[in-house]
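Subject: Structure handover and notes

Hello,

Here is the structure you asked to look at. My notes come after it.

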Amino acid sequence: NKAIDSLKASNSESYSLNNGVGKASHVLPLGPDFTKVKIGFNAELSRGLNYSIKVENVCDCRNRVINPEFNNLEFFYPKKIEKNDILITEILFNPRPGGSDFVEIYNNTNHPVDLKELSLGKSSGDNLSTVSKISSMQKLLNPGKYLALSSDPENIRKEYYLENPEQILKMTSFPAFNDDSGTAILFSNDKTIDKLSYLEKMHFPLLKNVEGISLERRKLNQSAEEPGNLRSATTASGGATPGAQNSQYTDELTDTEAFKLTSKTFSPDNDGFEDFMEMSYRFAEPGNIANVSIFNDTGQLIKRILKNHILNANGTFQWDGFDEYSQAARIGIYILHAEIFNTEGAVKTFKRSFALVRKL
């Protein structure tokens with residue numbers, strides 16, 4: 001917060017760096033206000049290390065020496081970004097009217113990466129049109145973390161649920177992706193790190209309106225270009241998962257399939273105990289489509305719970321005890337009928353019985 005004594009600040013012996021680098025080789029105080037110095041070292045710095053620089057015997061023009069409590073600064077010099085270190089995991093290219101596009105990336109390494117060294121571009125066909133730096137200053141993305149990129153983070157926060165509102169970054173210049181087709185590309189030092197090509201027809205075919213629905217990468221260990229690796233975000237997720245694990249994400253198919261009711265009875269009387277009939281499901285992978293209805297014991301349709309609803313790999317849904325006409329259903333035995341199918345034509349049917357009860 002004070003101008004330095006430029007003569008004393010020019011002494012290279014006053015500056016040292018750890019990790020075997022040692023003393024500075026040359027120092028240049030920067031005018032006209034002399035609140036900064038440029039420091040050079042003979043030894044080359046190694047990437048992927050944390051460094052600590054120590055400053056001694058530097059004073060201002062009144063000979064007040066820098067406080068020893070504040071004469072150390074730390075910085076991280078991240079590794080170079082290599083191919084597939086950062087993956088494009090989700091893209092919203094056709095937002096709702098007045099909305100904004102976003103692209104989600106994921107750190108696929110075991111170390112932090114510096115987004116200052118990364119650029120986002122777009123292409124249509126073989127024509128690369130826009131390439132924009134993601135950050136003008138150092139911005140570290142930690143391993144195993146997701147980050148959404150957009151020109152209007154506030155719009156994304158308004159339109160979608162974010163598990164961590166900080167997992168979205170504003171880009172001052174963001175490529176405008178076409179609504180029908182295109183390619184998002186990540187670059188670092190003119191090297192292609194990852195790319196994702198999309199077509200509007202990749203969306204789930206039963207969706208009536210795809211505006212505001214993102215395409216998500218299901219498997220991170222497969223290329224985004226692999227057929228079938230991009231799918232519409234699930235209805236249950238709200239149509240997109242910016243900055244968080246994708247609703248369509250899946251590992252190898254190891255889960256045991258299940259579809260069950262959490263209880264055999266429920267009493268919708270708002271007393272805080274079993275007021276809803278809750279149903280839970282677990283499938284080997286996300287993206288199944290569900291039609292779920294409630295019937296009474298004579299086979300009469302009471303309530304349609306889900307219609308062409310895209311499911312996560314696991315989750316829950318519920319019935320509040322009201323029928324199609326918003327009238328309270330009577331006490332008695334009810335049947336839940338669920339039809340679960342996928343785009344390959346596989347169909348599974350589940351029937352579960354339960355009782356609606358009330359206090360007498």
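Predicted model: local features only at pLDDT ≥ 70, side-chain atom pairs only at ≥ 80, totals over all residues.

Residues are numbered from 1 along each chain as its sequence is written, and side-chain values use heavy atoms, with hydrogens and water left out.

Salt bridges

The structure holds nine salt bridges, a salt bridge being a side-chain nitrogen of Lys or Arg within 4 Å of a carboxyl oxygen of Asp or Glu. Three of them are described here.

Glu 154 pairs with Arg 157, with the closest N and O atoms 2.7 Å apart. Both residues sit in helix α2 (residues 153–159), three residues apart, which is about one turn of the helix. Helices (H or I, at least four residues) and strands (E, at least two) are DSSP runs, numbered from the N terminus. Glu 154 is exposed, with a relative accessible area of 55%, and Arg 157 is partly exposed at 29%. For these words, buried means under 20% relative accessible area, exposed over 50%, and partly exposed in between (1.4 Å probe, protein chains only).

Asp 194 and Arg 217 form a salt bridge at 2.9 Å, N to O. This pair links distant parts of the chain, with Asp 194 in strand β16 (residues 191–199) and Arg 217 in strand β17 (residues 215–217), 23 residues apart. Asp 194 and Arg 217 are both buried.

Glu 285 and Arg 218 also form a salt bridge, and their closest N and O atoms are 2.4 Å apart. Here too the pair links distant parts of the chain: Glu 285 is in the loop between β21 and β22, Arg 218 is in the loop between β17 and β18 (230–232), and 67 residues separate them. Glu 285 counts as partly exposed because its relative accessibility is 23%; Arg 218 counts as buried at 8%.

Aromatic pairs

There are 16 aromatic pairs in the structure. Rings of Phe, Tyr and Trp (its six-membered ring) pair if their centres lie within 6.5 Å; planes under 30 degrees apart count as stacked, over 60 as edge-to-face and the rest as tilted. The pair of Tyr 281 and Phe 317 is tilted, because the ring centres are 6.2 Å apart and the planes are at 35°. It links distant parts of the chain, from Tyr 281 in strand β21 (residues 277–282) to Phe 317 in strand β24, 36 residues apart. Tyr 281 is buried, at 6% relative accessible area, and Phe 317 is buried at 11%. Tyr 281 and Phe 317 belong to one aromatic cluster with Phe 259, Phe 283 and Phe 350.

Asn 296 counts as buried at 15% relative accessibility, and Ser 293 counts as buried at 15%. The side chain of Asn 296 makes a polar contact with the side chain of Thr 298 at 2.8 Å. A polar contact is a pair of N or O atoms within 3.5 Å; within protein, one must be able to donate a hydrogen and the other to accept it, and residues adjacent in sequence count only if both atoms are side-chain atoms.

Contact in general means heavy atoms within 4.5 Å. Not counting residues up to four places away in sequence, Asn 296 touches Ile 302, Ile 333, Tyr 334 and Ile 335. With neighbours within four places left aside, the contacts of Ser 293 include Leu 301, Arg 304, Ile 335 and His 337.

Gln 327 is in the loop between β24 (314–319) and β25 (332–341). Beyond residues up to four places away in sequence, Gln 327 touches Gly 321 and Phe 322.

Cavity and pocket

On a 1 Å grid over the protein atoms alone, a cavity is a set of points where a 1.4 Å probe fits but cannot get out, and a pocket is an open set with protein on both sides within 12 Å along at least five of seven lines; lining residues have an atom within 4 Å of a point. Grid points are joined across faces, edges and corners, and a volume is the space filled by probe spheres set on the points.

The count comes to one cavity of 30 Å³ or more. The residues lining the largest cavity include Arg 231, Glu 285 and Glu 344. The largest pocket holds about 650 Å³ of space. Its lining has 21 residues, of which Ile 4, Thr 35, Val 55, Val 58 and Ile 66 lie nearest its centre. β4 gives the most to that lining, with three residues.

Regards
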